[in-house]
Each structure stands twice: as structure tokens, then as C-alpha cells.
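Here are a few exercises to work through with the model open beside you. Try each task before reading its solution.

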Amino acid sequence: LRAEDLRRRIAHDVPVVDGVVDYGALPTGNVLIVRAGPKARVLLGGDDVTVVRRLPLPAGRYRFRVLRPGETTEITVEVVAKRNVTLDASR
């Protein structure tokens, strides 16, 4: 089964066990978001994750957008199962 999160624009293959989707089987990690400046916003797809400090996500690659007045930066983060990854939005 291919599960898509349209808001965050991510998709993962999810196992189905005895006809039930097993979301718990997805290996997850955490993205620790560091934000610099009061006017910066951090987006994952259509989700504003600026105020989230710890964002649990299934393992995989994610593209975040950092918005500042007059500037947009994209940062790709590799989330690894059972690990914390820091997103440094101060650049």
C-alpha cells in the first residue's frame, strides 16, 4: 500500500497485515528544527512546522522550505530510523 500525505507532499510504502494497514511498522526518526530569526518560517509541503521543535517522520528524504522576507531556501534532510536529525534553518 502506498500512503500519501498530500499536505506534506510525502509518500511511503506501508505494509498491510491481515487486511490492516500497519503504520507502526514504518521506521521513524525525528527532525529537530532550529530556526533563526523571528520572521523565518519552516515548511514541509503545505505544513508550517516553524513552531514544532521535534517532528517525528518515517525514515526517508524530506525537502523543507525556509521562508524569510524576500528569500526562500530549500533544505533536504535525510531522516534515519531511531535517530534525531537537526534541521539548521539559520543559514
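**Exercise 1: the largest pocket**

The lining of the largest pocket is made up of five nonpolar, three polar and six charged residues. In this count Ala, Val, Leu, Ile, Met, Phe, Trp, Tyr, Cys and Pro are nonpolar, Asp, Glu, Lys and Arg are charged, and the others, Gly among them, are polar. Before going on, note that this is a predicted model, where local features need pLDDT of at least 70, side-chain atom pairs count only at pLDDT 80 or more, and totals for chains, interfaces and linings use all residues. Residues are numbered from 1 along each chain as its sequence is written, and side-chain values use heavy atoms, with hydrogens and water left out.

Task: find which strand gives the most to the lining of the largest pocket.

Solution. 
1. Start with the volume, which is about 200 Å³.
2. Next, look at the centre: of the 14 lining residues, the closest to it are Arg8, Arg9, Ile10, Leu44 and Arg63.
3. Now turn to the strands (DSSP runs of E, at least two residues, numbered from the N terminus). Strand 2 (10–13) and strand 9 (60–68) each supply at least two lining residues.
4. Strand 9 gives the most, with five residues.

**Exercise 2: positive phi**

Task: say where aspartate 18 and lysine 82 are found.

Solution. 
1. Recall the background: most residues other than glycine have a negative phi.
2. Aspartate 18 has a positive phi, near 50 degrees, and is found in the loop between strand 3 (16–17) and strand 4 (20–21).
3. Lysine 82 has a positive phi of about 60 degrees and is found in the loop between strand 10 (71–79) and strand 11 (84–89).
4. Finish with exposure: aspartate 18 is exposed at 77% relative accessible area, and lysine 82 is exposed at 82%.

Methods:
Helix = DSSP H or I, 4+ residues; strand = E, 2+ residues; numbered from the N terminus. Buried < 20%, exposed > 50% of the residue type's maximum accessible area, 1.4 Å probe, protein only. 1 Å grid on protein atoms, 1.4 Å probe; cavity = no way out; pocket = protein on both sides within 12 Å on 5 of 7 lines; lining within 4 Å. Points joined across faces, edges and corners; volume = space filled by probe spheres on them.
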